[in-house]
Amino acid sequence: MNLIYLNGKFVPAEQAAVSVFDHGFLYGDGVFEGIRAYGGRVFRLEDHVQRLFDSAKAILLCVPMSQEEMCEAILETLRKNNLRDAYIRPIVTRGFGDLGLDPNKCSLATVIIIAIEWGAMYGDLYDIGLTAISVAVRRNSPDSLPPNIKSLNYLNNILAKIEANIKGGNEAIILDSRGLLSEGSGDNIFVIKGGKIYTPFTVNNLKGITREAVMELAKAAGNEIRERDLGLFDLYTADEVFVTGTAAEVAPVTKVDGRVVGDGKPGKVTKDLMAAFKELARTTGTTIFK
């Protein structure tokens with residue numbers, strides 16, 4: 001029986017519930033993280049919890065526990081469910097309030113931690129590559145709803161995913177209001193051209209923790225990697241394209257808007273980074289069972 005952490009208690013999944021007056025439910029007023037555990041280790045736990053708290057701070061949401069307590073609660077949730085390989089979803093909502101928008105009417109935040117078994121998100125597509133579709137939906141503007149707030153309001157991403165589904169893509173490519181590359185519906189984008197790796201700045205997309213890890217691995221392997229503005233032309237003419245994310249890990253893209261990327265197969269640099277990331281995730285992280 002899967003147990004859910006809910007406000008300091010562990011509750012069977014079918015009994016874990018929040019009030020219909022919780023502002024996370026009513027208005028998407030809250031934040032969350034996606035974290036992975038591999039072989040009994042949680043990958044970059046402290047980084048994820050820091051980002052969770054940063055998102056909360058950005059919306060003036062008081063998390064009713066310290067970062068250290070959150071880390072321990074996540075580990076204990078995994079222990080309670082006897083999970084060594086898992087996807088973990090900590091959530092902090094504004095909490096119980098009224099039907100008005102005012103967050104001051106919510107006296108105490110709700111804290112939820114979900115941990116479930118999780119395999120490869122894209123199955124055999126890691127071997128053959130994803131088909132990506134650029135969508136009409138634009139990424140939220142940083143001066144409207146900053147993409148670096150990992151909030152419960154995910155309709156922007158969902159609308160992009162819906163459009164990609166309708167058009168037959170495995171993933172969406174979202175542009176910002178200027179027509180520059182932002183990110184996928186749930187992952188960061190990388191382009192390889194002439195032996196160099198490029199990725200958009202993180203003003204118009206999430207500061208991905210997997211993104212950061214892959215950039216470190218690329219530099220350690222001697223690859224030149226740069227952050228810069230990118231457009232659809234860069235995707236269409238790339239030698240290789242891949243995406244990164246907690247759920248997606250490192251996934252190759254071999255077709256974009258009907259254009260074949262490179263020779264239509266996952267490229268060497270991408271495959272090398274996939275292998276390096278797999279090794280990093282397997283051998284590092286916070287131990288669950290002591």
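A residue is called buried under 20% relative accessible area, exposed over 50%, and partly exposed in between (1.4 Å probe, protein chains only). The model is predicted, so local features need pLDDT of at least 70 and side-chain atom pairs count only at pLDDT 80 or more, while totals for chains, interfaces and linings use all residues. Residues are numbered from 1 along each chain as its sequence is written, and side-chain values use heavy atoms, with hydrogens and water left out.

**Exercise 1. Compare the radius of gyration of the protein with the globule rule.**

Step 1. The radius is taken over C-alpha atoms, and the rule is 2.2 Å times the number of residues to the power 0.38.
Step 2. For 290 residues, a compact globule would have a radius near 19 Å.
Step 3. The protein has 19 Å, which agrees with the rule.
Step 4. The C-alpha trace spans about 55 × 45 × 30 Å along its principal axes.

**Exercise 2. State what share of the residues is buried, and how far apart in sequence contacts reach.**

Step 1. Of the 290 residues, 52% are buried.
Step 2. A contact means heavy atoms within 4.5 Å.
Step 3. Take the contacts between residues at least 6 apart in sequence: 70% of them join residues at least 24 apart.

**Exercise 3. Describe the salt bridge of Arg-51 and the parts that it ties together.**

Step 1. A salt bridge is a side-chain nitrogen of Lys or Arg within 4 Å of a carboxyl oxygen of Asp or Glu.
Step 2. By this rule the protein has 15 salt bridges.
Step 3. Arg-51 pairs with Glu-33, and their closest N and O atoms are 2.7 Å apart.
Step 4. Arg-51 lies in helix 2 (residues 45-58) and Glu-33 in the loop between strand 3 (30-32) and strand 4 (35-38), so the bridge ties together parts 18 residues apart in sequence.
Step 5. Helices (H or I, at least four residues) and strands (E, at least two) are DSSP runs, numbered from the N terminus.
Step 6. Both Arg-51 and Glu-33 are buried.

**Exercise 4. Classify the partners in the salt bridges Arg-226 to Glu-224 and Asp-234 to Arg-228.**

Step 1. Arg-226 and Glu-224 meet at 2.5 Å, N to O.
Step 2. Arg-226 has 36% relative accessibility and so counts as partly exposed.
Step 3. Glu-224, at 34%, is therefore partly exposed.
Step 4. Asp-234 and Arg-228 meet at 3.4 Å, N to O.
Step 5. Asp-234 is buried at 19%, whereas Arg-228 is partly exposed at 31%.
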